[in-house]
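Thanks, everyone, for making the time.

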Amino acid sequence: MKKAVLVLFIASFNLTIQAQHLFSTKTGQVLFNASSPVEKIAAANNQTDSKMVDKTGQIVFNVLIKSFKFENQLMEDHFNENYLESSKYPKAEFKGFITNITTVDFSKNGKYPVTVEGNLTIHGVTQKITGSGFITINSGKPAVNGTFKIKIKEYGISGL
């Protein structure tokens, strides 16, 4: 019997101020976790390109699949060649909005709970998703942390 595997994306963005309230970074982090009690399957990608607009809550991030680093090189090779087919589908992308952005006070240090809704594209398949997380404001600079749980089979990925 085949179990549904969930993939956990934790998007952590340390953002820097750009003109007109656009925050961006090219060194955000996305963590991938499809571990089971039998086997640890986890990786980190520290080359995430992300952008967020404070007034609208629009958020976008792009991830190069080959930039995920695993503890085990063979697992990384299988991830890229057999499962995510990174030569054919080189990136994953999220485009969406923080739905409660008006509750975040960018002028006041603090940790604000947020909900994110949008479209996640992986393996050439786009699905609507919702995630939760928080924005931490420190000296006017936001750090966004969020979690998406997905079923890989919904993205045409099998065998992980």
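Let me begin with a term that I will need throughout: a salt bridge, as I use it here, is a side-chain nitrogen of Lys or Arg lying within 4 Å of a carboxyl oxygen of Asp or Glu. Please also keep in mind that what you are looking at is a predicted model. With that definition, the structure holds six salt bridges, and I will come back to several of them once the overall layout is clear.

The protein chain comes to one helix and ten strands, and if you read along the sequence, the order is β-β-β-β-β-β-α-β-β-β-β. Of its 160 residues, 41% count as buried. When we take the contacts with a separation of 6 or more, residues 24 or more positions apart account for 56% of them. The chain exposes about 9,100 Å², and carbon and sulfur atoms supply 52% of that area.

Now to helix 1, which spans residues 73-83 and in which Glu76, Phe79 and Asn80 are buried. Seen down the axis of helix 1, these buried residues fall within an arc of 85°, so they line one face of the helix. They pack against strand 3, residues 22-33, and against strand 6, residues 69-70, whereas the face turned away from the buried side carries Leu74 and Glu81, which are exposed. At the N-terminal end, helix 1 is capped by Asn72, which has a side-chain oxygen 2.7 Å from the backbone nitrogen of Leu74.

Glu85 sits in the loop that runs between helix 1 and strand 7, residues 91-98, and because its relative accessibility is 29%, it counts as partly exposed. A second residue other than glycine with a positive phi is His123, where the value is near 60°. This one lies in the loop between strand 8, residues 110-122, and strand 9, residues 125-138; at 9% relative accessibility, though, His123 counts as buried.

Which residue does Lys69 pair with? Its partner is Glu76, with the closest N and O atoms 3.5 Å apart.

If you move on to strand 7, which covers residues 91-98, you will find Glu93 in a salt bridge with Lys91, at 3.9 Å from N to O. Glu93 also forms a salt bridge with Lys95, where the closest N and O atoms are likewise 3.9 Å apart. As for the two lysines, Lys91 is partly exposed, with a relative accessible area of 44%, and Lys95, at 45%, counts as partly exposed as well.

Finally, there is a network of salt bridges that links Lys26, Asp49 and Lys51.

Key:
Residues are numbered from 1 along each chain as its sequence is written. This is a predicted model: local features need pLDDT of at least 70, side-chain atom pairs count only at pLDDT 80 or more; totals for chains, interfaces and linings use all residues. Side-chain values use heavy atoms; hydrogens and water are left out. Buried means under 20% relative accessible area, exposed over 50%, partly exposed in between (1.4 Å probe, protein chains only). Helices (H or I, at least four residues) and strands (E, at least two) are DSSP runs, numbered from the N terminus. The arc is that of the directions from the helix axis to the C-beta atoms. Contact means heavy atoms within 4.5 Å. A polar contact is a pair of N or O atoms within 3.5 Å; within protein, one must be able to donate a hydrogen and the other to accept it, and residues adjacent in sequence count only if both atoms are side-chain atoms. Accessible areas come from the Shrake-Rupley method with a 1.4 Å probe; for residues, only the protein chains shown count as cover.
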